[in-house]
Amino acid sequence: MYHIIYSSQAKKAMTLTTLVVLLMQARALNERQHVTGALVYGAGQFMQVMEGEEAVIKDLYERIVQDPRHHDVRKLAEGPIATRSFAQWAMAFGEVPADKFEVLCRVAEYQTPAQMADHLAVGRAVDERLLAKMKELVHMHAKG
Ligand SMILES: Cc1cc2nc3c(=O)[nH]c(=O)nc-3n(C[C@H](O)[C@H](O)[C@H](O)COP(=O)(O)O)c2cc1C
C-alpha cells in the first residue's frame, strides 16, 4: 500500500457544481481502482491524500498534475503505508473555511526537503499528524 499527499491551487474559485462534478468523477474512477483517500477544499486551495497500489497511485498523481482545474501542485508526502487512513472512502470530501485550511498548511510545512528525502525515517510522524488533521476536517465538514 502506498500514498501521496499534495496541495494545489484551484484555477478559479470552484462552485458547488464544479466541486460535485469533480468529486463524482474522482469517486467513480477510484472505486474501480481501489483508491481511497480524502480531499479538502478551502480558500481556493486543495489538499488531497490518495492511497492504494503504488503503480495506481503514481499514475493517478501524474494525471492529477496535468488537470487544468488546478495548478501549483506541490507534493507533500509520498511513500509506502502500512494501512489505509480512509479505507471507507472512495474520496472523502470536506469544504473548510480559510482559517482551517491554514492550520492544515502549517502542519504540512514541517515537511522539509530533507524529511521528504528520508521519508521513511523522518516523514512518518509528520504524515501521521497531517493525516490526523485531514481526518478531523473531513469528519467535521463532510459533504456527500
Ligand atoms: C483537485 C483534484 C482532485 C482529483 N482527484 C481525483 C481522484 O481522486 N481520482 C481520480 O481518478 N481523478 C481525480 N481527479 C481528476 C483527474 O485529474 C483526471 O481528470 C481523471 O483522473 C481522469 O483522467 P483522464 O482524463 O486522463 O482519463 C482530480 C482532479 C482534481 C483537480
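I began with D67, which forms a salt bridge with R69; the closest N and O atoms are 2.8 Å apart. I keep in mind that this is a predicted model.

**Entry: the D67 and R69 pair**

Are the two partners buried or exposed? I found D67 buried, because its relative accessible area is 19% and buried means under 20%. R69 counts as partly exposed, at 29% relative accessibility.

**Entry: other salt bridges**

How many salt bridges does the structure hold? I noted five.

One of them joins the side chains of E78 and K75, at 2.5 Å from N to O. I looked up the accessibility of both partners. E78 counts as buried at 17%, and K75 is partly exposed with a relative accessible area of 33%.

Another links K58 to E54, with the closest N and O atoms 2.6 Å apart. I then checked where this pair sits: both residues lie in helix 2 (residues 54-66), four residues apart, about one turn of the helix. K58 is partly exposed, with a relative accessible area of 37%, and for E54 I also read partly exposed, at 37%.

**Entry: helix 2**

I stayed with helix 2 and checked its length. Its 13 residues should span 18 Å at 1.5 Å a residue, and the end C-alpha atoms are 19 Å apart, which agrees.

Which residues of helix 2 are buried? I listed V56, I57, L60, Y61 and I64. These residues cover an arc of only 130° around the axis, so they sit on the same side of helix 2. On the other side of the helix I found A55 and Q66 exposed.

What do the buried residues of helix 2 pack against? I noted strand 1, helix 1, strand 3 and strand 4 (70-80).

**Entry: the cores**

I turned to the largest nonpolar core, which has 20 residues. Which members touch the most other members? They are M14, L39, Y41, F46 and M50. The elements giving two or more residues to this core are strand 1 (2-10), helix 1 (16-33), strand 2 (36-42), strand 3 (45-52) and helix 2. Helix 2 gives the most, with five residues.

Leaving aside neighbours within four places in sequence, Y41 is in contact with A10, A13, M14, L19, F46, F93, G94, E95, V96 and F101.

**Entry: strand 1**

I then looked up how strand 1 pairs. Strand 1 and strand 3 pair in the antiparallel sense over eight bridges. With strand 4, strand 1 again pairs in the antiparallel sense, over eight bridges.

H3 was my handle on both pairings. What is the bridge partner of H3 in strand 3? I found E51 there, while in strand 4 H3 stands opposite G79.

Key:
Residues are numbered from 1 along each chain as its sequence is written. This is a predicted model: local features need pLDDT of at least 70, side-chain atom pairs count only at pLDDT 80 or more; totals for chains, interfaces and linings use all residues. Side-chain values use heavy atoms; hydrogens and water are left out. A salt bridge is a side-chain nitrogen of Lys or Arg within 4 Å of a carboxyl oxygen of Asp or Glu. Buried means under 20% relative accessible area, exposed over 50%, partly exposed in between (1.4 Å probe, protein chains only). A nonpolar core is a set of buried Ala, Val, Leu, Ile, Met, Phe, Trp, Tyr and Cys residues joined through side-chain atoms within 4.5 Å. Contact means heavy atoms within 4.5 Å. The expected span of a helix is 1.5 Å times one less than its number of residues. The arc is that of the directions from the helix axis to the C-beta atoms. Two strands pair if DSSP finds at least two bridges between them.
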